[in-house]
Amino acid sequence: MTEALARPTSGLPQLTLERMGPSFGAHVLGVDLRHLTDEAVMAIRAALVEHKVLFFGGQDLTDADQVELGRRLGEVTAGHPVARSEAVDQPEIYDIDSTDPEFSFSDVWHTDVTFMEKPPLGSILRAVRLPAYGGDTSWADSQRAYESLSEPVRLLVDGLTAVHDGEQEWGAYLRRRENRGNIWDGKQVNALTPVEHPVVRVHPESGRKGLFVNPGFTSHIVGVSDAESRALLDLLYAHLTKPEHIIRHRWQLGDVGIWDNRSTAHYANRDYSQARVMRRITLAGDRPVGPGPTS
C-alpha cells in the first residue's frame with residue numbers, strides 16, 4: 001500500500017511511502033539521497049521518528065556520499081568505538097564484510113553500540129555486495145513491544161536499570177589492538193567499561209516509551225538477583241521479538257536502510273555462504289533517559 005506521509009511540519013515536502021507493517025517500517029519512493037533539499041532532510045528525520053526504519057531503493061552512493069548523507073541527517077560518529085575498517089578510507093564507515101577474518105556476526109538481536117554511555121541515535125546501512133540468497137535483516141519495534149506489555153509488567157520495568165557490556169563481543173578485539181580504540185564522544189576508547197541504561201527509554205523526540213534492552217549487549221538488570229535478572233530479560237526478549245513486532249527486509253544492491261536506534265533492535269540473518277558486504281555509519285546520540293519515578 002502506497003501513501004503520502006502527512007507533513008510533520010508546515011512547509012515540509014511529503015514523502016511517498018509503502019508501509020511494511022501496521023506499526024513501523026516503510027519504503028520511501030522517488031528520493032535520490034545524493035540530492036536532498038534541506039526540507040527533504042527534515043522530512044526524512046521526521047519520518048524516521050514516526051516509522052523507525054526507512055528503506056531507499058535504487059541508490060548509487062559512494063562511501064563519501066554515504067558519509068555526506070549522514071552529515072546531512074546528524075552528527076556522524078567514528079565507524080565503531082573499537083573496530084577499524086581497513087577496506088575503506090573514511091573513518092566514519094564500519095565495513096561489515098563476512099569474508100574478513102575479524103568479522104563479527106550480528107546473528108543475535110541487538111541495538112547498535114548500547115555498551116557506550118551515548119549510543120547512536122541512528123544507523124545508515126548500505127548494501128555493497130550480496131549473496132545470491134539469504135542475508136536478510138529483521139527489526140523489532142521496541143515501542144510497540146513496550147506498549148503491548150501488560151500494565152503490571154510495564155509498571156515493573158519502568159523503574160529498572162540494566163547494565164550493557166561490550167567486553168564479550170569486542171574486548172579481545174580491543175586488546176589485540178593494544179587497547180587503542182577509536183574516538184567516541186570526544187574520547188579515545190581504551191577500555192570497555194560497562195554502562196547502565198534504563199530498561200525503558202523515553203524517546204527524546206516523540207516522548208514514547210520503548211524497551212531498551214537487547215541480548216547482544218545487556219548483561220543483567222541492576223538490583224535484583226541473577227535468577228530474577230535472567231527471568232525478566234528472557235521475558236522482555238521474548239516479547240520484543242514476537243512476530244507482530246517485527247519487519248524483515250530482503251536486501252537488493254542499491255538499497256540504503258536508515259533506522260532509529262532509540263526505538264528498535266535488529267538481527268542480521270546468518271543464512272548465507274557467499275560474501276556479504278554492508279557499510280554502516282552511525283549518528284551521534286544522547287544518554288538514554290528513563291521514565292523516572294512513578295507516582
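Visitor: Where is the place of Phe103?
Guide: Phe103 sits in the loop between strand E5 (94-97) and E6; strands (E, at least two residues) and helices (H or I, at least four) are DSSP runs, numbered from the N terminus. This is a predicted model, in which local features need pLDDT of at least 70 and side-chain atom pairs count only at pLDDT 80 or more, while totals for chains, interfaces and linings use all residues. Residues are numbered from 1 along each chain as its sequence is written, and side-chain values use heavy atoms, with hydrogens and water left out.

Visitor: Is Phe103 buried or exposed?
Guide: Phe103 is buried, because its relative accessible area is 18%; buried means under 20%, exposed over 50%, and partly exposed in between (1.4 Å probe, protein chains only).

Visitor: And what does Phe103 touch?
Guide: Not counting residues up to four places away in sequence, Phe103 touches Ile96, Asp97, Ser98 and Tyr272, where contact means heavy atoms within 4.5 Å.

Visitor: Turning to Lys52, where is it found?
Guide: Lys52 lies in the loop between helix H1 (38-51) and strand E4 (53-56). Lys52 counts as buried because its relative accessibility is 0%.

Visitor: Which side chain does Lys52 join in a polar contact?
Guide: The side chain of Lys52 is joined to that of Gln143 at 3.4 Å. A polar contact is a pair of N or O atoms within 3.5 Å; within protein, one must be able to donate a hydrogen and the other to accept it, and residues adjacent in sequence count only if both atoms are side-chain atoms.
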